[in-house]
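Visitor: I am new to reading protein structures. Could you walk me through this one?

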Amino acid sequence: MRLRHIEVIQALLQTAHLGTAAELLQLSVAEVEALLRDAESQLGFMLFASVRGRLQATREARELQGAITRVYDAFEPVQRLADSLRFHQAPPLRLVGTPPLVQQLLPQCIAALRRRFADTPCSLLGQSTRDMVHSLLLRDCDLGLSLHDPQHPDIHSQALAQGKLFLLAPHGWLQPKQKYVALQDLAGQAMVGLEGQDPLSVMLASKLQNLRPSPVIQTRVQTYQMMRSLVEAGEGLAIVDPFTAVGARSAGLDVCPLSPPISVTLYALRRHGSDSSPLTTALLELLTEQAEALLAG
């Protein structure tokens with residue numbers, strides 16, 4: 001099959017109608033029908049059957065759908081790059097970050113960067129650190145931001161700023177002007193847990209399990225943002241990163257650092273050997289400045 005065949009099949013899977021698919025592809029109905037018949041001829045089986053005026057995908061088409069979607073999705077970055085070259089734009093800067101950073105840190109930094117580099121498009125995705133490393137190695141992104149150093153031989157980790165973990169509690173749980181919470185004060189408390197095997201969550205789980213009595217953890221979630229939402233819903237206390245704590249404080253939750261403090265570091269991740277551009281350098285400076293300002297606040 002040719003790429004044009006894949007475009008036609010994808011459009012028909014989405015619309016189930018020749019006319020609507022033709023409008024989507026900016027082709028005539030006759031051209032779409034001819035491309036469909038040509039694809040079916042090459043494949044040796046039918047892809048769609050007409051049922052009550054609509055096109056119904058055959059079993060073979062449904063089995064092909066996942067692979068066709070992946071091919072179609074992989075083509076989109078090529079199309080975006082071609083569009084930027086056609087309009088003489090700079091190549092897009094592709095960023096990924098873990099959810100707390102995507103929520104609290106990166107939007108302000110990207111806005112400031114775009115004011116300085118107005119002709120450079122940016123894309124931002126949220127990913128776990130493990131998926132981020134995979135994206136960097138596949139060259140699907142240019143820069144990753146994480147609170148964990150993956151310690152991968154092909155990934156360069158640059159520490160940008162350091163903060164500490166915070167306790168989140170419902171409003172009024174802390175004493176007025178309380179400056180910190182001792183870890184032992186969490187013994188026996190109802191808490192929200194964090195799923196995952198990253199070094200920070202494993203270390204934190206070990207510290208909590210050593211308390212007597214251990215905290216009662218009935219609910220575990222994947223992200224710090226979900227932990228914050230459950231604290232807001234009254235599910236218990238939670239220990240979160242400093243960037244999630246910033247948003248939680250603004251939302252009216254009680255926020256307090258732990259004692260003894262547990263440090264967390266913001267890392268910029270890049271492929272070893274990737275070129276540093278003025279754009280990347282400017283972004284790292286903005287990230288460091290903004291992160292330090294948020295952590296100080």
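Guide: Here is a short tour in questions and answers, and please keep in mind that the model is predicted.

Visitor: How many helices and strands are in the protein chain?
Guide: Counting both kinds of element gives a quick inventory of the protein chain. The tally is eleven helices and 13 strands.

Visitor: Is the chain more spread out or less spread out than a compact globule?
Guide: For 297 residues the globule rule gives 19 Å, while the radius of gyration of the protein chain is 25 Å. The C-alpha trace spans about 75 × 45 × 35 Å along its principal axes. The radius is well over the rule's value, so compared with a compact globule the chain is more spread out.

Visitor: What share of the residues is buried?
Guide: A residue is called buried when its relative accessible area is under 20%. Of the 297 residues in the protein chain, the buried ones make up 41%.

Visitor: What share of the contacts with a separation of 6 or more comes from residues 24 or more positions apart?
Guide: Here we take the contacts in the protein chain with a separation of 6 or more and pick out those between residues 24 or more positions apart. Their share is 73%.

Visitor: Which strands stand at the edges of the four-stranded sheet?
Guide: This open sheet has mixed pairing and the order E8-E12-E7-E11. An edge strand has a single partner strand, so one of its sides is left without a neighbour in the sheet. That describes E8 (181-182) and E11 (238-240).

Visitor: In which sense do E7 and E11 pair, parallel or antiparallel?
Guide: Three bridges link E7 (residues 166-169) with E11. Across this pair, leucine 168 stands opposite alanine 238. The sense of the pairing is antiparallel.

Visitor: Which strands stand at the edges of the five-stranded sheet?
Guide: The order in this open sheet is E4-E3-E5-E13-E6, again with mixed pairing. On average, neighbouring strands are turned by 20° against each other, direction ignored. Two strands have a single partner strand each, so one side of each has no neighbour in the sheet: E4 (122-126) and E6 (155-164).

Visitor: How are helices H2 and H3 placed, roughly parallel or roughly perpendicular?
Guide: Two packed helices are described by the angle between their axes and the distance between the axes. For H2 (residues 18-25) and H3 (residues 29-43), the axes come within 8 Å and cross at roughly 100°. Angles from 65 to 115 degrees fall in one class, and the two helices are therefore roughly perpendicular.

Visitor: How many residues of the contact of H2 with H3 are nonpolar?
Guide: On the H2 side we find Leu18, Gly19, Ala22 and Leu25, and they meet Val29, Val32 and Glu33 in H3. One residue of this contact is polar and one is charged, and the nonpolar ones number five.

Visitor: Is alanine 16 buried or exposed?
Guide: Alanine 16 sits in the loop between H1 (3-15) and H2. Its phi is near 60°, a positive value in a residue other than glycine. With a relative accessibility of 15%, alanine 16 counts as buried.

Visitor: And lysine 177, is it buried or exposed?
Guide: Lysine 177, in the loop between E7 and E8, also is not a glycine and has a positive phi of about 65°. Its relative accessible area is 81%, and the cut-off is over 50%. Lysine 177 is exposed.

Visitor: Where is proline 213, which a cis peptide bond joins to arginine 212?
Guide: At this cis bond, omega is about -5°. Proline 213 has its place in the loop between H8 (199-209) and E10 (216-221).

How values were computed: Residues are numbered from 1 along each chain as its sequence is written. This is a predicted model: local features need pLDDT of at least 70, side-chain atom pairs count only at pLDDT 80 or more; totals for chains, interfaces and linings use all residues. Side-chain values use heavy atoms; hydrogens and water are left out. Two strands pair if DSSP finds at least two bridges between them. Axes are lines fitted to C-alpha atoms, for helices over the stretch in contact, and angles run from 0 to 180 degrees between N-to-C directions. Angles under 35 degrees count as roughly parallel, over 145 as roughly antiparallel, 65 to 115 as roughly perpendicular and the rest as oblique. Contact means heavy atoms within 4.5 Å. Ala, Val, Leu, Ile, Met, Phe, Trp, Tyr, Cys and Pro count as nonpolar, Asp, Glu, Lys and Arg as charged, and the others, Gly among them, as polar. The radius of gyration is taken over C-alpha atoms; the globule rule is 2.2 Å times the number of residues to the power 0.38. Buried means under 20% relative accessible area, exposed over 50%, partly exposed in between (1.4 Å probe, protein chains only).
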